Structures are given as C-alpha cells and as structure tokens.
Protein chains: 2
Amino acid sequence: MGIVKSKFNKLLSDASTRNRSLLCVGLDPDPAKLHNKDVLEFNKAIIDATSDLVCAYKPNLAFYEAMGIRGLQILKKTVDYIPKDIPVIGDAKRGDIGNTAAAYAKALFDFYKFDAVTLSPYLGYDSIEPFLAYNGKGVFVLCRTSNKSASDFQDLEDNYGMKFYQSVALRANDWNSSGNIGLVVGATYPEELKQIRKICPDMPILIPGIGAQGGDLELSVKYGVDKNSEKAIIVAARQVLYASTAPDYAEAARAAARELRDNINKFRKL
Amino acid sequence: MGIVKSKFNKLLSDASTRNRSLLCVGLDPDPAKLHNKDVLEFNKAIIDATSDLVCAYKPNLAFYEAMGIRGLQILKKTVDYIPKDIPVIGDAKRGDIGNTAAAYAKALFDFYKFDAVTLSPYLGYDSIEPFLAYNGKGVFVLCRTSNKSASDFQDLEDNYGMKFYQSVALRANDWNSSGNIGLVVGATYPEELKQIRKICPDMPILIPGIGAQGGDLELSVKYGVDKNSEKAIIVAARQVLYASTAPDYAEAARAAARELRDNINKFRKL
C-alpha cells in the first residue's frame, strides 16, 4: 500500500483480521428502548456479547449528552470497558475554529480516550488539523451522510461539475500525509460510495445507514471495501442493540451481530 | 417587520434594548489563562460584571468538554446562573442525522436549557429540523465562519456563480417559517457579511471574530445590523475574559465590555 499505516489504521486492521469482521456496532443507547435497564450495564452486556465479532465500536455522543452529566459518565465508563484491542470511534461530528477544535480534540482524545473521531468538514482544514496532530489517532471526515437531506448541500455542483462531497473526498486525500484520515459515507447512497472509493482508494470508510435507515448491505460492502476487501467499516446500531427486548437481549444482539458479520463477509473477496 | 418574532428573538431584542447593547460575551474559560482561579467562580464574576452590558452570552461547549465531566457540571451551573432575561447561546456547532439531532436538541435545550444553539449546515434540513421544532428556541446556522480555512469549502461556487455559504443563507431563509433561525458569520469576512445581510435582511446574525481573530469592528457592525441597526450580535471572548489577570479581573472585564459596547454603538444609527 502506498500510504503510511497509522497507529489507528493498524489497530483497526488488526481487530478486523482477528475477528474476521467489517462490522462496527454503534453503541447508541436510547433509554426509551431499554425498558429500565441500566444503560452502562446494557452497554457492557452488548460489548461482552459482540467483542469477538466486530472491527470497531462507535458510540454517538448525542445519545449520552441527551442523558445529561450522568450520560457522559456512562460514556467514559463505556469507552474504558471496551477491550483495548478494539478501536473505539467517537461519533462526535465536531467542527470548530482552530483553538476551539484543539479543545474538542483534548476532550475526545485525552479525556474520553477515543481511538478516532468523526468530524464535519464545513470549516475546512484548520478545523481538522488539531485532530490530525494526534498522529496515533484516526479522523473520519463526513463526506456523504446517510440522511435524506444530505443532498441539500453535499450535492451542490461547482463549475467543473464536481459535487461538494467529492471536493471533500479530494481534499481529505490532500490532508492525509500521516495516513490517519478516513471518510464517512452513508450506506443509503451506494453510487456516491462507489465514486468516493475511487477518489480515496486506500482510506478507511465508515459506512452507517444499513438497517433502520434502509441502506443496501451488499452494495455497501462491494463498493465500500478497498482492493483487499478491507477498510469498509459497516455500522449497525439499532438492529443489534434492540434485537430483543427480553432478558436474552445480549444473546440476541450476539446472534444479530454474528449474522451481520457473516452476511458482510459473503460480499467480500476473502 | 415581515417575519414572526419568535420567543427567542423577543428575548434577544428585549435584552439588547434594555442594555443598549449588541455585545455578546463568549464564556470560553481556558484553565491555562485562569491562573488557578475556580472556573465556575470566574464565570460568575464575569457574568456579575457584565450582565447589564450585553445582549447575550455564548458559552462554547468545547472549552467545557475539554475539562471532562467536571467541565460540563460547570457549564450547567453557568447557564443556570445567567439572569433569565439574558439569552444564552450554546455554541455547539452540532450537525447529525434526524434521530441523533433530536438527541442533541434534548441535551442542549432540555438539559442545559440554552435559549439558542449554533448548528452546522453540512447535513441539510433534516439535521436542523429537530431543533426548529422547539419553537421558543433559537437556531444559528453556520454560514461563513471566521477562520482562515473557511474558504476551503464555503467558497465553492456552483454553476450559477452562487457560493456555498450563500446557498446556506438562502436555504436558511426558506427554513425560517417560525422566525427562529439566525446565521453565524465571521467578523473577519466583512464583504461576505454584507452580502449575507442582503440575503437575510431580518435574521439575527451572530458575529464572532473581532479581537484576537482580527475582525474589523466598524465593518462588522455596519454590515451586520438590520435596517433598524439591530440584530447583529457581536461576540467578544478573550478580550473581555482576560482583560486583566490580576485580582481586579472582573472590573477589568467590565471596563473592556463597556468600552466595546460603546464602540459598537458608535457605529449604529441610534
């Protein structure tokens, strides 16, 4: 491979190889769906049930922030609980000017100790740079998001026929001198995913949007992987976390995660 | 005025009229600059010293998150401490898909009880909508940010010669049926501010970037205000918070805030 394998990419690749998995479980607990289960115990049970089946975990900070201070204590303890050989991607989608971005990087990398984070590109390079400066860590830049309104701005086309999300992918390549950048591309936009993989042949791509959001699993895998059938990180949250609401929820989550992992592998060239 | 005056806009306008002020103090405490002062006590002293001089306060969440859980407890107590007749803008720059955006809205409006928040437009309408649904609250959409790299993406020009940040301003108008949207435009880009004020003649515009970032105060006020010389919200943080590092820091902050308020007023047609 032409690019440097950063510490984060190595952690990801080792976990992916060891667990034979491109599956990332989104740890997004929703109290309304937990039927009075303790949130931290729920997370721990999900982690125990799936940590040999995933290549990464991805808690989205919104779900913890919505629980107030208590939620952030749960988030910190959840990250601490995840085995150190599984990368944890903090889905934060932050984006702010230089000195403020540095404060967010401190929060996400030094306090919560995420191995990687998601960031919004709207403010440009100097909003990303303070995160890249942590060169053992990974940075996933939002490129094409999974939601319906993604097209509002991401499809705006410039004079050269280049869409905004394509410009983001190109710039991310330019910024990737330390090999620690990846992109976020929704499973709900397989054609865009295909194009982005061409623009960035070597980057990890984080792909949310299968399951509840309706993204196509087969196309997400086929278009998302690199030439070695790796580096697509397929996210599932609700379909794993809430596979059962009964006391056997952890076993059900394990069964759902295993089935998904195996289905993903069917579409890889292994 | 042609548009509805939302509850947030009324709160803002009342505070602005009462204190004869377009000044918003950015409550962004940096432990490295506080010389061992207690952060919450520092914030309270700054609020006590300036609450009759401002139209709003704006804590940026990054500075609190960087302090870990303790920082968020300080943030919550800081928001609680601000007099209820001064609006508090949570500078969060969040932007996520629908159900996740709803979780962020819950955190920012229900838990921290901000009167308004800043949001990133990258994900489009459905990432903003859950915040607009709180129709007593305000939403400031990032349009042209104050940083150097703002031009990386915000200046991308479409087939019609429209720049990305201009598209954001236009869309924000479309979305503003409840009259609770505003924009964020950096003081460091006065020409862009002038254009944006033309596109959105009635919206509040939050204008960071004077002081340490070098934005021009006179042009920010002249180009930022609406036809009644109102609705520009000029943010100052470092030049007020750290006007003195001596024990008289609160008095020095008050003097700096008063001078800024009065300088701003010189450029208004009052």
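These notebook entries record what I looked up in a predicted model with chains A and B.

**Entry 1: overall form of chain A**

I began with the secondary structure and found 12 helices and 8 strands in chain A. Next I looked up the extent of the C-alpha trace, which spans about 55 × 45 × 35 Å along its principal axes.

Buried residues make up 57% of the 270 residues in chain A.

**Entry 2: relation of the two copies**

I superposed chain A on chain B and noted a rotation of 180 degrees, a shift of 0.0 Å along its axis and an RMSD of 0.0 Å. The two copies are therefore related as by a two-fold rotation axis. I looked for the residue of chain A that comes closest to this rotation axis and found A:Asp158, whose C-alpha lies at 2.0 Å. Both copies use the same surface, since 100% of the contact residues of chain A recur in chain B.

**Entry 3: the contact between the chains**

I recorded 47 residues of chain A in contact with 47 residues of chain B. On the side of chain A that touches chain B, the elements giving two or more residues are α3, α4, α5 (98-111), α6 (125-132), α7 (151-154) and α8 (164-175). Which element gives the most to this side? I found that α5(A) does, with 7 residues. By class, I noted 20 nonpolar, 16 polar and 11 charged residues on the side of chain A that touches chain B.

**Entry 4: helix α4 of chain A**

I turned to helix α4 (residues 69-81) of chain A and tested its length. At 1.5 Å a residue, its 13 residues should span 18 Å; the end C-alpha atoms are 19 Å apart, which agrees.

I then listed the buried residues of α4(A): A:Gly71, A:Leu72, A:Ile74, A:Leu75 and A:Thr78. These residues cover an arc of only 155 degrees around the axis, so they lie on the same side of α4(A). In an α-helix, residues three or four places apart point the same way, because there are 3.6 residues a turn.

Finally, I asked what the buried residues of α4(A) pack against. Within chain A, they pack against α2 (39-50) and α3 (61-65), and from chain B, against α4 (69-81).

How values were computed. Residues numbered from 1 in each chain as written. Chains lettered and ligands numbered in written order. Predicted model: local features only at pLDDT ≥ 70, side-chain atom pairs only at ≥ 80, totals over all residues. Helix = DSSP H or I, 4+ residues; strand = E, 2+ residues; numbered from the N terminus. Buried ≥ 20, exposed ≤ 12 C-beta atoms within 10 Å, placed from the backbone. Least-squares fit on C-alpha atoms with pLDDT ≥ 70 in both. Contact = placed C-beta atoms within 7 Å. Expected span 1.5 Å × (residues − 1). Arc of directions from axis to C-beta. Nonpolar A, V, L, I, M, F, W, Y, C, P; charged D, E, K, R; others polar.
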